[in-house]
Amino acid sequence: MSGHDKEFDADDPMALVPAVMDVPMDEASYRQMAETFVEEYMLLGYSDEKIVGLFRNPFYRATHEILKTKGEAYVMDLIEEIRNG
Amino acid sequence: MAEVYNWQLGRNMEYPYEEHHSKRQFAAVFNTNRCIACQTCSMACKSTWTFSEGQEYMWWNNVESKPYGGYPANWDSKILSQLAEADPDGQKWSEDGTFDGKTIFEAAPKNERVLGYLPTNAEWRTPNLYEDTSTKYKSSGKLGLADGGAELPAHKAWFFYLQRICNHCSYPACAAACPRNAIYKRPEDGIVLIDQERCRGYRKCMEACPYKKPMYNAQSRVSEKCIGCYPRVEGSDPLTNGHPMETRCMTACVGQIRLQGLVDLNEDGSWKEDRHNPLYHMVKVAKVALPLYPQFGTEPNIYYIPPRWVPREYLTQMFGPGVEEAINAYRAPSRELLAVMQLFRRSQEIVFRYEIEEGPKAYETKVRGEKFTMYNDTVIAYRENGEEIFRTEVEEPVIVRPPERSNAI
Ligand code: SF4
Ligand code: SF4
């Protein structure tokens, strides 16, 4: 039996151990993360419309996830806040 | 113990040896905001230095996902708890930036030179436990591989990547603890090395280093650690053509988050004013980069631009009292800092000096109610002998995929 044919053994102490940290979202740090994205794009000179576009586009996973979770109003408010302080 | 001055603590501290400094110090800045955890740095180091028998578990360079990951597991929370136990409620910084608590030298138990612990074998086993993991993990059995596709989880809580190598400390705990005096700091560049001839594998360095960077080789029965790629830094590696070159982990960095160099030191160990050395600019002028756990007291020489989305209490514990200032300097960079940051990974050579040629205004925008103007300046990098290495512009091309090709994978 070659190594390739061996069954995966969950008790093997040398096997890599993947684990999902399903930590609940905390509002303040979630917002901080979202603010960081917006700030980065603003520093690149992007307009508000262009930034909203990155939240709407499902291929921008991180920003789109925020829009999906929090809704468009949250995103608009975020952009307004970061733009005008 | 002798009294030495530690500028990161803003005070004198106890250390087993008299104060003595190298002429130059190996130092680097890591921008945690930009790391993508590709581990190219880890592989570059491994394939250069730790691919032999007895070195299998060694990652002189590792990148761990904070706050959960660690190599060895929980290294930082363990030493922090030991310190808190030795000095309950005392591990604090005062308003003026002085550290009032105890360092690992000052908290050492009787008959020991340093407070520390020896990690177990199991703790070295998972260099980056809790790294991005598939949430759709289904396996029919063989080797535990996922069937079909896999999807990465959406991170709902904050985390960041922490890049770690030996800090080539100004007051190395590894050297302080070695009963054989086998560990030394090179006078020419401050790189800390273990003399493989003198070492008898007592593992006191492994126990004492708060960053857990010396590692025991059970095959050769001596301890080993990051050697700062010294043939490259010296310019004696044939690849370098005689010009000092950055280490393997730095030059391989895909995320372009690392810049390493050499800083000149005064006799008292303070950094010589060197206004146009990029490291001097980032650490001493812009104050955008901070040492890792300065309260340990070893005066580490790898400086980090803190991740700006992470709760400040956590960052302050990790990088000391300059966190807010560093984040402000990074989120609204000065014209000069912006130019200096372009020096990251344009060349393998060590940049000893930079100059900036002012360019035209690229655009103007508003962030947090304040005007931000971006200038397309040119930054020019010079080698030790004053020759130009390269020049690069601040403005980078931005390429946006057209909607019909938004998924190019
Ligand atoms: S990080 Fe550890 S191994 Fe490296 S010089 Fe400092 S104390 Fe020694
Ligand atoms: S190579 Fe650079 S970007 Fe990749 S993990 Fe290492 S430090 Fe991070």
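This is a predicted model: local features need pLDDT of at least 70, side-chain atom pairs count only at pLDDT 80 or more; totals for chains, interfaces and linings use all residues.
## Contacts and overall build

How does the overall size of chain B fit a compact globule? With 409 residues, such a globule would have a radius of gyration near 22 Å, and chain B comes in at 22 Å, so the two agree. Along its principal axes, the C-alpha trace covers about 65 × 65 × 50 Å. As for secondary structure, chain B has 10 helices and 17 strands.

Of the 409 residues in chain B, 56% are buried. The chain exposes about 18300 Å², with carbon and sulfur atoms supplying 49% of that area.

## D189(B), a loop residue

D189(B) turns up in the loop between β6 (183-185) and β7 (192-194) of chain B. Is D189(B) buried or exposed? Its relative accessible area is 4%, which is under the 20% cut-off, so D189(B) counts as buried.

The side chain of D189(B) has a couple of partners to look at. One is the side chain of R186(B), with a polar contact at 2.7 Å. The side chain of D189(B) also reaches the backbone nitrogen of I191(B), at 3.1 Å.

Setting aside neighbours within four places in sequence, D189(B) is in contact with S22(B), R24(B), Q25(B) and F26(B), as well as V233(B) and L262(B). For a sense of distance across the chain, take P402(B): its C-alpha atom is 49 Å from that of D189(B), and the two residues are 213 residues apart along the chain.

## N6(B), a strand residue

Now for N6(B), which lies in strand β1 (residues 2-6) of chain B. Its relative accessibility is 0%, so N6(B) counts as buried too.

What does the side chain of N6(B) have 3.1 Å from one of its polar atoms? That would be the backbone oxygen of G297(B). G297(B) shows up again among the contacts of N6(B) beyond four places in sequence, along with T298(B), E299(B), R11(B), M13(B) and Y171(B).

Methods
Residues are numbered from 1 along each chain as its sequence is written. Chains are lettered from A and ligands numbered from 1 in the order in which they are written. Side-chain values use heavy atoms; hydrogens and water are left out. Helices (H or I, at least four residues) and strands (E, at least two) are DSSP runs, numbered from the N terminus. The radius of gyration is taken over C-alpha atoms; the globule rule is 2.2 Å times the number of residues to the power 0.38. Buried means under 20% relative accessible area, exposed over 50%, partly exposed in between (1.4 Å probe, protein chains only). Accessible areas come from the Shrake-Rupley method with a 1.4 Å probe; for residues, only the protein chains shown count as cover. Contact means heavy atoms within 4.5 Å. A polar contact is a pair of N or O atoms within 3.5 Å; within protein, one must be able to donate a hydrogen and the other to accept it, and residues adjacent in sequence count only if both atoms are side-chain atoms.
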